[in-house]
Amino acid sequence: MKKIHLPETDLELSAMGLGCVNAGLKWDGTDADRIFDAYFDLGGNVYDTARVYSDWIPPETGRSERVIGDWLSRSGKRHDVILITKGGHPDMTCPSPDMHKTRVTAENMRRDLELSLKTLRTDYIDIYFYHRDNEEIPAGDLVEIMEEFRKEGKIRFYGCSNWSTERMKEADAYAAAHGYRGFAANQALFNVGLAAMNPPADDTLALMDVEMRRYHLENPNNLAMPYMANCSGFFHKLFAKGKDAVRDSEYYTPGNLKTAEALHQITAEYGCSLTQAVLGFLTCRDFTCLPLYGPRNVEDLSDAAGTFQIPFRREDYPDYSSR
């Protein structure tokens, strides 16, 4: 797998990150080891998790981190990988989680980080993320919280997930004024179906809109890490089972039915899989993207990794420049 150098760091990241939200749910123990090892053998080194994965299913909390920590302990690969986790997500253990009830405070971030370090069985995180924002706190104050963690040696770099472009710019200005490197990466929803999809049910998710795409073009030090890169399987379900199987999806729109036609043409032209055609959209943007992909099994993973060997072109895909 190709590597991406993150400017002003010593990090060389694989072109695709392993999304680990399903660790402990769909794969655990030896099954998880098989996927983690297969990804590594394919040239992958970015393992992405979060303190909250998957607290919404009782009784275990920090399940994904526990599974990764087990593998790191067994494999001895901690210093060969780039470990990402996130803190400050709203509480998902209560009966009715409120995504607008922020947990982004200095106290909660420290609590989440300490739990992550313990569960992952490591003494540092390579890139630590705010999983949500708290716009009542100045962005500069949030930068200082991360800088404190960095100076303590508990994190190497830091980023944000589900922040607005305006807030990232505020954080950037503060970091520049104080001689800090600032955010190393930004996780937001971005995929081939985004431009035509209906608004997601969770309105706290940040979408990679025109403004944010322009931001990343102008600010390569903050690497775009799209999540839901595979459109939550929408196009796979549509192709396999037809329209009736996806009518309730946020992606089910006239625009995305046209996108499906374009994807069908791409698979025929390149002789590639549908997964490769969907992920290929992110390989030919005008700014660097490192998509996060969560496989069902090793076969899925191997298929997705093959995306980065195919010379997809911007003109293969519908024009999203104004959306």
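**View 1. Glycine 242 follows helix H7.** Its phi is positive, near 90°. The model is predicted: local features need pLDDT of at least 70, side-chain atom pairs count only at pLDDT 80 or more, and totals for chains, interfaces and linings use all residues. Residues are numbered from 1 along each chain as its sequence is written, and side-chain values use heavy atoms, without hydrogens and water. Helices (H or I, at least four residues) and strands (E, at least two) are DSSP runs, numbered from the N terminus.

**View 2. Helices H7 (residues 234-241) and H8 (residues 254-270) pack at about 80°.** Their axes, lines fitted to C-alpha atoms over the stretch in contact, lie 11 Å apart; angles run from 0 to 180 degrees between N-to-C directions. H7 is therefore roughly perpendicular to H8 (65 to 115 degrees). Phe234, Phe235, Leu238 and Phe239 of H7 make the contact (heavy atoms within 4.5 Å) with H8 residues including Leu257, Ala260 and Leu263.

**View 3. Phe234, Phe235 and Leu238 of H7 are buried.** Buried means under 20% relative accessible area, exposed over 50%, partly exposed in between (1.4 Å probe, protein chains only). The buried residues of H7 fall within an arc of 90° seen down the axis, so they line one face of the helix. The arc is that of directions from the helix axis to the C-beta atoms. These buried residues pack against H8 and helix H9 (274-280). On the other side of H7, Ala240 and Lys241 are exposed.

**View 4. Both faces of strand S5 are covered.** Ile82, Ile84 and Lys86 are buried on one side, Leu83, Thr85 and Gly87 on the other.

Conventions
Parallel < 35°, antiparallel > 145°, perpendicular 65-115°, else oblique.
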